Amino acid sequence: MTLSFAEIVGMDVAKQALLLLAVNPALGGVAIAAPVGSGKSTLARAFAALLPAGTPFVELPVGATEDSVLGGLDLEATLAAGRRVIARGLLARAHGGVLYADGLNLLDERAIAHLIGALSDGVVRVERDGLSEVHPARFLLVGTYDPVEGEVRRGLLDRIGLIVPLLPQTGERERAEVVRRNLAHPPNGDAEDETTMLRAMIADAREHLPTVHIAEEQMQALVQTALSLGVEGNRADVFAVQAALAKAALDGREAVDDDDLKLAVRLVLLPRATRVPAQEAPERRERETTPHAQGDQPGDPNAPAHAQATLEELLLEAAVVDLPAGLLDLPFAGKRRGPGGSRGAALSSRRGRFVRAVAGDPRGQRIALLPTLIAAAPWQKVRRAERNVGACLDVRREDIRVKRFRDKAGTLYIFVVDASGSMAINRMREAKGAVVRLLQDAYVHRDQVGLIAFRGQQAQVLLEPSQSVERAKRALDVLPTGGGTPLASALLAAWRMAQQARARGIAQVTLVLMTDGRGNVPLRAAPAAPPSRAEIQAELQQIATCIRAEGIQAVVIDTQVNYLSQGEAARLAAWLGGRYVYLPNAKAAQIAMTVAPR
Amino acid sequence: MPKPIVTSPAHQNGKLAPPAPMPNYPFTAIVGQEEMKLCLLLNVIDPRIGGVMIMGHRGTGKSTAVRALADVLPKISRIAGDPFNREVVEEGDPLAPPHRKHERIPVPVVDLPLGATEDRVCGTIDIEAALTQGVKRFEPGLLARANRGFLYIDEVNLLDDHLVDVLLDVAASGWNVVEREGISVRHPARFVLVGSGNPEEGELRPQLLDRFGLHARITTITDVAQRMEIVRRRRAFDADPLAFLAAWEPQQRALRRRIVAAQKRVAHVEMPDDVLMCAARLCMQLGVDGHRGELTLARAACALAAFEGRGRATLDDLRRVAVPALRHRLRRDPLETTDAGERVLQAMEKTLGAEARSRSS
């Protein structure tokens with residue numbers, strides 16, 4: 001059962017993005033954030049149906065192996081034919097058509113890398129299995145992902161021109177309409193007419209696209225907006241211009257207008273924003289934008305400078321209006337709070353999946369039988385001639401392939417640092433040093449580090465698990481200190497981070513807690529009476545026991561000066577079943593050494 | 001007849017034709033990113049500089065620049081059809097063509113794609129010959145193709161560790177050795193290693209960083225005028241690549257000429273003692289281990305002088321190459337917030353100051 005593009009209710013932004021992509025393949029693709037069951041795949045199929053008959057539609061499954069993505073030797077056919085026969089991979093098969101990836105954020109790291117390669121070069125380079133091939137692979141990428149399951153890798157998102165942030169919850173009436181349309185299927189004549197009409201529109205717009213004009217000032221406004229939104233790299237500028245051109249072409253106009261620019265900002269720049277532009281006083285903005293809204297053409301030679309500033313402000317304003325609801329879903333925004341993905345989420349969530357077979361020593365590893373036989377197969381003729389043995393299979397050591405599971409995950413170190421009280425600045429600096437040091441030594445082990453700070457009313461995730469020193473440093477650069485000690489909230493945040501890491505296959509988690517252990521802010525919203533110490537302690541014990549039950553290692557670094565200590569930190573360590581280390585003036589190197597496995 | 005949605009002459013009737021080579025964006029049309037461009041050019045002029053690692057954020061044109069490099073390189077001479085691009089071969093070499101005719105080819109710039117298997121990188125037994133004729137014949141890999149040229153690895157941080165080790169070994173020795181199915185092949189594999197990576201994708205092993213002669217950092221351009229120029233040129237190129245290339249051909253040709261002249265000159269560039277001394281002092285001050293730092297500094301300074309048509313390296317040359325030559329060789333201090341490049345510059349100023357004082361006294 002398939003609905004046509006026109007029949008799909010809601011998802012207007014996504015539909016618009018797809019139309020732009022159909023008009024202008026230079027946009028590369030559309031990434032759509034949508035929850036399960038929102039009809040993403042129906043939309044993708046309906047989109048493909050809009051394209052000329054015979055356009056390839058290839059699905060890139062989440063668990064696709066490297067072989068199937070890239071292509072390689074078709075052994076069976078090769079043996080049968082006596083010459084090499086090449087099987088094209090999914091990327092090459094999508095050439096000239098649509099590649100649909102449901103679960104962009106769940107794709108294997110290497111599959112993502114190949115996808116990125118194809119998007120930027122338009123070809124797939126195969127250098128494997130004794131093959132050296134270049135396959136054309138220009139396609140329109142339609143990718144969807146459920147943000148709850150984590151982010152899409154940024155490098156990939158960067159090459160996808162249009163990004164549709166989380167679709168708003170559909171209203172009651174629309175929901176009813178969705179059901180009605182689904183029930184009413186097969187389609188009525190109207191829908192078919194609409195499909196035909198859309199096809200014609202796309203074809204027209206494609207023809208028309210090369211002649212659409214964009215003014216210098218409009219281009220400048222887009223670039224300036226990209227800068228104001230802190231968009232990284234220069235690729236987005238090009239995408240934004242292409243999107244505006246496509247929109248104008250789709251509407252059958254000769255030149256880009258303000259609405260086109262706004263749409264470009266919304267679908268290209270805004271989703272890539274890393275910061276919210278400073279809001280200006282509303283009166284001022286209103287005053288400046290009014291003359292422009294009245295039809296002052298940006299290209300007007302009489303007031304070019306003014307018009308420019310106005311146009312850019314208009315775009316920014318439109319962006320800011322769009323922002324509040326979606327701010328937390330900005331995939332490019334640095335810090336993210338609460339549950340959600342992280343860099344590591346790009347790895348497959350299927351833990352321990354057999355990814356590929358590599359040549360190797362079978363001792364201590366699992367032999368991949370089939371790949372081993374495949375590796376041995378081509379040489380049988382040669383070997384038989386050499387050894388003059390019978391018809392038995394001659395498998396040699398160099399044929400042996402061992403199984404590689406998902407790249408061996410290292411340990412996740414979660415630093416939980418007390419940023420309250422007077423010693424906080426010192427603690428933070430040393431914690432930061434320890435974090436960076438661990439990361440620098442971590443390369444071989446593929447360790448990751450996350451960081452949670454707590455002060456005031458609750459804990460804050462400063463750094464989602466990451467391997468990048470650069471990101472860690474950036475996250476740690478600014479942190480306010482002082483205030484209450486919401487220790488319980490911090491432990492809970494750490495527990496959550498550990499849970500998410502486990503879901504991604506990082507089994508080994510070590511918690512490094514730097515505190516004096518004196519929590520004084522409870523987890524639950526403050527009741528009328530301030531909570532007693534005992535209540536807070538009970539809460540801490542409860543969470544600590546949970547963490548211990550999960551098998552999470554813990555190290556408590558007591559930063560309290562000796563004569564003030566009442567053993568809170570030691571007690572906490574006992575609850576966590578972890579190690580207790582007394583380091584009132586802990587130095588980065590000491591911490592790193594204490595924490596690292598011995 | 002409906003038009004295909006993405007047009008490509010290579011894809012017809014579902015049959016697989018080799019794709020028409022997509023023209024590269026011209027090197028001389030790349031806006032900004034001077035450090036990266038200079039590092040690449042210096043390596044062209046003197047391959048002994050030891051390659052370059054380019055670190056930078058997404059969408060800053062790293063791959064574009066490396067691929068563009070191929071088009072400004074002068075041609076080299078090799079024995080026609082030699083799989084290792086050799087100019088001279090020994091008599092009776094079974095892997096060499098039977099004749100001794102020469103041909104001129106562009107300097108190879110070989111892409112090492114992610115997911116490349118070791119057999120394709122190093123070379124292996126020709127599978128087709130083994131299957132059909134039952135004979136063992138060596139089939140050269142990417143390392144052979146890259147001999148006397150450039151080997152480019154995009155996203156070095158995502159490359160398999162074992163493959164990185166193989167590459168580094170070969171890059172250091174200049175020879176590739178393959179043992180397979182009882183065949184043993186040893187062939188020259190001298191190439192300039194160019195890597196690129198994104199610092200957000202994770203750290204590189206220090207041992208790996210150290211092997212690259214130069215380390216260029218690139219950042220997002222924040223100048224509006226420059227960014228507009230990027231968009232304009234990109235659009236023009238995408239709309240009509242051939243016309244764009246034609247428009248830039250004069251600049252490309254000029255750069256090519258300059259490179260050829262510099263290559264001829266570089267061996268004769270004089271390195272005055274005070275410049276060399278300054279290089280050594282700089283490395284000492286920064287606590288750079290070993291002598292690779294000084295060597296790279298000196299070579300890069302000479303290459304720069306040659307590129308600018310001078311016969312003598314100066315302190316100013318040193319100053320201009322110091323950051324990319326040394327920034328990846330500093331001891332890492334986790335608490336250091338100053339950028340490594342910044343630290344090199346500071347040390348440079350100190351050293352040059354001392355130099356000036358000693359000269360005036």
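A residue counts as buried here if 20 or more other C-beta atoms lie within 10 Å of its own C-beta atom. The model to which this is applied is a predicted one. By that criterion, seven of the eight residues of strand E15 of chain A are buried, so the strand is largely enclosed by the rest of the structure.

In chain A, six strands form an open sheet in the order E14-E13-E12-E15-E16-E17, and the pairing is mixed. The edges are taken by strand E14 (458–466) and strand E17 (579–582) of chain A; each has a single partner strand, so one side of each is left without a neighbour in the sheet. From one strand to the next, the twist averages 15°. Strands of a sheet pair through backbone hydrogen bonds, in either the parallel or the antiparallel sense.

E15(A), residues 508–515, pairs with strand E12 (residues 411–418) of chain A in the parallel sense, over seven bridges. Within E15(A), A:Leu511 is the residue that stands opposite A:Ile414. E15(A) also pairs with strand E16 (residues 553–558) of chain A, again parallel, over six bridges. There A:Thr515 stands opposite A:Asp558 of E16(A).

The secondary structure of chain A comes to 22 helices and 17 strands. Among chain A contacts between residues at least 6 apart in sequence, 79% join residues at least 24 apart.

Chain B has 361 residues, and 45% of them count as buried. Its secondary structure contains 13 helices and 13 strands. Of the contacts in chain B between residues at least 6 apart in sequence, 73% join residues at least 24 apart.

Chain B also holds an open sheet, here of five strands with parallel pairing, in the order E6-E9-E12-E3-E13. Strand E6 (109–112) and strand E13 (214–218) of chain B are at the edges; each has a single partner strand, so one side of each lacks a neighbour in the sheet. The twist from one strand to the next averages 20°. Inside this sheet, strand E3 (residues 52–56) and strand E12 (residues 191–197) of chain B pair in the parallel sense over four bridges. B:Met55 has B:Gly197 of E12(B) as its bridge partner.

The last element to follow is helix H8 (residues 224–239) of chain B. H8(B) has 16 residues and reaches 22 Å from its first C-alpha to its last, close to the 22 Å expected at 1.5 Å a residue. Its buried residues are B:Arg227, B:Ile230, B:Val231, B:Arg234 and B:Phe237. They lie on the same side of H8(B), because they cover an arc of only 135° around the axis. On the other side of H8(B), B:Ala225 and B:Ala239 are exposed. The cover over the buried residues of H8(B) comes from both chains: it includes helix H10 (216–228) and helix H11 (235–250) of chain A, together with helix H9 (241–266) of chain B.

Definitions and conventions: Residues are numbered from 1 along each chain as its sequence is written. Chains are lettered from A and ligands numbered from 1 in the order in which they are written. This is a predicted model: local features need pLDDT of at least 70, side-chain atom pairs count only at pLDDT 80 or more; totals for chains, interfaces and linings use all residues. Helices (H or I, at least four residues) and strands (E, at least two) are DSSP runs, numbered from the N terminus. The expected span of a helix is 1.5 Å times one less than its number of residues. A residue is buried if 20 or more other C-beta atoms lie within 10 Å of its own, exposed if 12 or fewer, and partly exposed in between; C-beta atoms are placed from the backbone. The arc is that of the directions from the helix axis to the C-beta atoms. Two residues are in contact if their C-beta atoms, placed from the backbone, lie within 7 Å. Two strands pair if DSSP finds at least two bridges between them. Axes are lines fitted to C-alpha atoms, for helices over the stretch in contact, and angles run from 0 to 180 degrees between N-to-C directions.
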